[in-house]
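Hi everyone, thanks for coming. Let me put today's structure on the screen, and then we can walk through a few of its local details together.

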Amino acid sequence: MADKIKIRVKTKEDNGVVKALMLIKHPMESGMRKDQDGNLIPVHHLKEVSVVYKDETIFHGEFGTGASKDPFVIFHFEGVAGEKFEVNAVDSKGVTGTKSVKIKKLKKK
Amino acid sequence: MKTIKVFLTVAIYLFSSMVIANSAVKTIEAAELARAEAIELGFEWSTTVKLIEQAKASVESGDLKEAEKLANLALTEANNSIKQAKYADNNWQDNVPN
Amino acid sequence: MTISNKGFSRRRFFKTLGKTAGYIALATSLPSIAWAKWSEKAFSSKTLDSAIKACFGDLPIADNPAVKLDVPDIAENGAMVGVGIKTELENVKSVAVFVEKNPAPLCVKYNFGKGTIPDVETRVRMGETSNLIAIVEADGKLHRSQKLVKVTIGGCGG
Amino acid sequence: MYSIFKKLPLVSLMILLTSCAQETDQSQSDVTAEIQAETVDQNSSAGVSFADNVASDIKRFKGYFVEKFPSIDVYEFKDGAYAIDEAKRQQWLDIEEFPPYEFSIEEGEESFSEVFANGKTYADCFENGGVGVRQNFPYFDTESNQVITLELAINQCRQANGEEPLAYGQGEIANISAYMAYTSRDKKFDIQVPNESAYNAYLSGKKFYYSKRGQLNFSCADCHLKISGSNLRAELLSPGIGQTTGMPIYRAKWGELGTIGHRYKECNLNVRAQPFDYQSEAYRNLEYFQTIMSKGFVVNGPSSRR
């Protein structure tokens, strides 16, 4: 599996609480969709995403084909701007993706 | 006597189906001509070409009555799209806000 | 002010693009993560009740207004239905979203670790108008909130 | 060019004269402008009349929506029906906070920085390195006498540098178009009509917009002017002004980006008209007309839609 799962994350820390917005590129094929020549496209979906912060898995997402294409999650956790956390993803074919993210301060307009 | 009657019905059937097949094919050709004009004018409908294809398929499968019906429908649609193009030429201005 | 993309200005976009590319190089080996087992049975269950049971076993379940469920009355498009779940309940272990009429009702399940606050948003798929159910697991109990979400057939002709 | 244009002025002149009688509120200058617009073929020396005619068309097109939606700032129609229905707008804002098309913008930027075999890049083909130029498209190229859309310019750049053109409609060309739109956000559209053949291209697009077509016999204007803001089945019909500013769009229905040509094909099929080819003269002139009508609107592409 040459390709990696692409992950994009935005963070906004505001007095000790981090709002993390995560978008993960994945076709999320439900197995019921057909391609142009009419044959079914096999099931292929994101399975799990883990967020590790200070060596602890603080968030673990399990995904089925009921999740939207390019799955999206917003979660909140106690954290400090400047620190880093890591996102690891794996899908139903075993393709993985990882992203290290530095927590940003919320920009007050 | 019975064999003649059978022979006659078969002949009539063959003859009539030949006539119908002939007119179905002619109608299809007319529909294709009209469709070509609609394309030239830029007002072809998406449904016309499907009707023509179905009419051709019916001719091939020998369902001549169906072929005739579909061919006529295709011809009517193609002619309507030409009328639509002419109508647009003269009336498109009506919808422009003033 | 362009409402359409508040807080997402071009300048920040390029800055994050550049920086994160740098971080990727830093990520060395995958840290040993305690992969919680992906609930195969729950995600393949065809009915709501079997999916809930596969997820949480026989924990007692009850509606609880403390679970705030933010979903639209009419989904703009069944492909991306925004779901927000927030609660003040303590010791929340996990949150799951079910769409009753989906071929496989369980859409997503989020398991919380230390310091994670029970306030999540996600996007799920709905095949048709259906009850959308959020279940929060806390202190060995299941707290449920649900709402009917209408899904319209798209397209105006064709 | 449609040969029918030669017949147009005379016929519509008659209609115009008959319809002028009842129009009380239309000021005299508008009427003369209308007549002038129709007799442009006869006295092509009146070059200046193109700009006046287009300007009055824009005024009346925009005026139509100001009058029809008095409580909505007309420039908000850059977001289509989301400027009308609050519940839809909230769901749309949630998507726009972190839209799936962000990956496409990123991929579009990578494609945009591709170095062609001859060492050139897209940046060499476009003004200002192709950054912040979306608002200049489509424009009428007086040399090749045709409307050049952004997607056509992208492929012309490739072919000029010995590369294979990209497929139109979706995929890489939509990603590049999305990236170029993204770098031009908030810049204003102000497309010009430089000469008579540009004006004829504009008129061809205008006629397309107002002509009833397809088995269902609808024109673009029937849906996007007359009954804009109301529902057709479950679709809230977006106003015709500002429809091109957010292109290319990411429709949840498609699950990926699509250019305006892709949307035109889909819309034609909705009224059961046979779609034209991507970048056909019909579609390029239509895009030219629509973008001219959105003068003063900002670039807000790419944008998500239902």
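Let's begin with R251(D), which lies over the face of W254(D), 5.7 Å from the ring centre. Please keep in mind that this is a predicted model. Another charge-and-ring contact involves two chains: the charged end of R213(D) sits over the ring of F43(B), at 4.6 Å from its centre.

Now to the aromatic pairs. Over all chains, a search of the whole structure finds 33 of them. Take F50(D) and Y199(D): their ring centres are 5.2 Å apart and their planes are at 25 degrees, so this pair is stacked. F50(D) belongs to helix α3 of chain D and Y199(D) to helix α8 of chain D, so the pair ties together parts that are 149 residues apart in sequence. Are these two buried or exposed? F50(D) is buried, at 4% relative accessible area, and Y199(D) is buried too, at 1%. Both also belong to one aromatic cluster, whose members include F61(D), Y202(D) and F289(D).

Next, the backbone. The peptide bond from F137(D) to P138(D) is cis, with omega near -10 degrees, and P138(D) is in the loop between α5 and β1 of chain D. That loop between α5 and β1 also holds N128(D), which has a positive phi of about 55 degrees although it is not a glycine. N128(D) counts as exposed, at 59% relative accessibility.

Finally, a cis peptide bond joins G301(D) and P302(D), with omega about -15 degrees. P302(D) lies in the loop between α11 and β7 of chain D.

Terms used: Residues are numbered from 1 along each chain as its sequence is written. Chains are lettered from A and ligands numbered from 1 in the order in which they are written. This is a predicted model: local features need pLDDT of at least 70, side-chain atom pairs count only at pLDDT 80 or more; totals for chains, interfaces and linings use all residues. Side-chain values use heavy atoms; hydrogens and water are left out. Rings of Phe, Tyr and Trp (its six-membered ring) pair if their centres lie within 6.5 Å; planes under 30 degrees apart count as stacked, over 60 as edge-to-face and the rest as tilted. Helices (H or I, at least four residues) and strands (E, at least two) are DSSP runs, numbered from the N terminus. Buried means under 20% relative accessible area, exposed over 50%, partly exposed in between (1.4 Å probe, protein chains only). A charge sits over a ring if NZ of Lys or CZ of Arg is within 6 Å of the ring centre and within 35 degrees of the ring normal.
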